[in-house]
Amino acid sequence: MPAPSAPATAGEVLALIREGRATTRGDVGRVTGLSRTAVTARLSALLRAGLLVETVVEPSGGGRPPARLTFNSDFGVVLAVPLGRSRTQAAVCALDGEVLAATAFDHADGASPEEMMPRILGALEELLASIDVPPERVRGIGVSLPGTVDTERGMSLSSPIMPGWDGVPLAPFFDAYGEAPVRVDNDATVLALSEADGLRRRFDDFVALKASTGISVGIFGGGRLLRGALGAAGEIGHTRTPAAAGRTCRCGGTGCLEAVAGGWALVQDTVAADRPVAHVRELVARAIEGDAAARRQLRESGRRVGEVLSGVVNLLNPGAVVVGGDMAAGYDFFVAGLRETLYAEATALATRDLEILPSTHGQEAGVVGCAQLALSEVLRPERVDRYLARAGS
């Protein structure tokens, strides 16, 4: 809450209203300490710009009806693009995070940005047209990639899955959307962000486990997203583990967790056992259909992940571990193994109240998280203030 000695800007007032901390003009004045004149000035700017809606609520009894302030989620849209090794999603979302239109498509492993981005842009153009939203109403864009991401420059730093994307800034591909900011982040971080409207209401400290082709985690600590000094926080898939001793990882090292627990490794093992599959999604589907061997593989993957994740739990003491990604579709099998080793190897205190939960949004978690990534920038108070300054000039 801004202190009276540092009056809230219009952007900060909008944040208060979006968070539900102020719903009337009187609320804004009480929370911020602003004068009535200052409150009127800030709200007038937001109302003129179309960021706020003020409606009169008829009282049940007599008296003057109060006017309620609400954020106008129809002010524009954001685009969400969770990009994967072999499957990519694209969506258009309202400014309250609601998914308005979405699609997904499979593609060749290791497709380059030059191959993929025109296809993604075409899909977004079709989605916008399908709901009659012109490009100029796009306020921001969120993109996720596997591996370590440079969030400042908006590009992949190190991705064994998609090496052709390393060092390629993605913002220039979206020039058709004018000044709409482009935010790029890691897929596990985006999974954690997708829980912002769900689990964060219960947990300020949680770990979002992305169990898919690769293995990584997104981390919330004290209600804040933790990325680490170089954005590499949570890359547990490349932690050395005795279970993978001597096994070569796709990163070029040996002994990584992913070499025995990642979806790509499970696929390799399945093919070697003369049970060919093309992707871990197919292996998970077999497990769900009753394939005993596929179920054992998922459970064993969970066990290996639990061995490494126990150290994360001891270090961070999260209130929950949220499981998402392709292997989460086989949640019961994977988590049975995860629980077995996690609770056995982490400390009793760190696991005493620990909850292991499926991701709130399932297969849509990447879309929801990318939308939240974009919205965190679009509705940042400083950006709102700059927008209002331009609109008023």
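Predicted model: local features only at pLDDT ≥ 70, side-chain atom pairs only at ≥ 80, totals over all residues.
Start with the largest nonpolar core, which has 48 residues: Val13, Leu43, Leu46, Leu51, Val78, Phe206 and Leu388 are the ones that touch the most other members. As a bit of background, nonpolar side chains in soluble globular proteins tend to be buried together.

**Helix α5**

- Helix α5 covers residues 187-194, and eight of its eight residues are buried, so the rest of the structure largely encloses it.
- The buried set runs through Asp187, Ala188, Thr189, Val190, Leu191, Ala192, Leu193 and Ser194.
- Asn186 sits at the start of α5, where one of its side-chain oxygens comes to within 2.7 Å of the backbone nitrogen of Ala188.

- Leu100 belongs to strand β5, which spans residues 99-106.
- Its relative accessibility is 36%, so Leu100 goes down as partly exposed; the buried label would need a value under 20%.
- Setting aside neighbours within four places in sequence, Leu100 is in contact with Val77, Val92, Cys93, Ala94 and Ile131.
- Take Ile131 from that list: 31 residues separate Leu100 and Ile131 in sequence, while their C-alpha atoms are 7.7 Å apart in space.

How values were computed. Residues numbered from 1 in each chain as written. Heavy atoms only, no water. Helix = DSSP H or I, 4+ residues; strand = E, 2+ residues; numbered from the N terminus. Buried < 20%, exposed > 50% of the residue type's maximum accessible area, 1.4 Å probe, protein only. Contact = heavy atoms within 4.5 Å. Polar contact = N/O pair within 3.5 Å; in protein donor to acceptor, adjacent residues only side chain to side chain. Core = buried A, V, L, I, M, F, W, Y, C linked by side-chain atoms within 4.5 Å.
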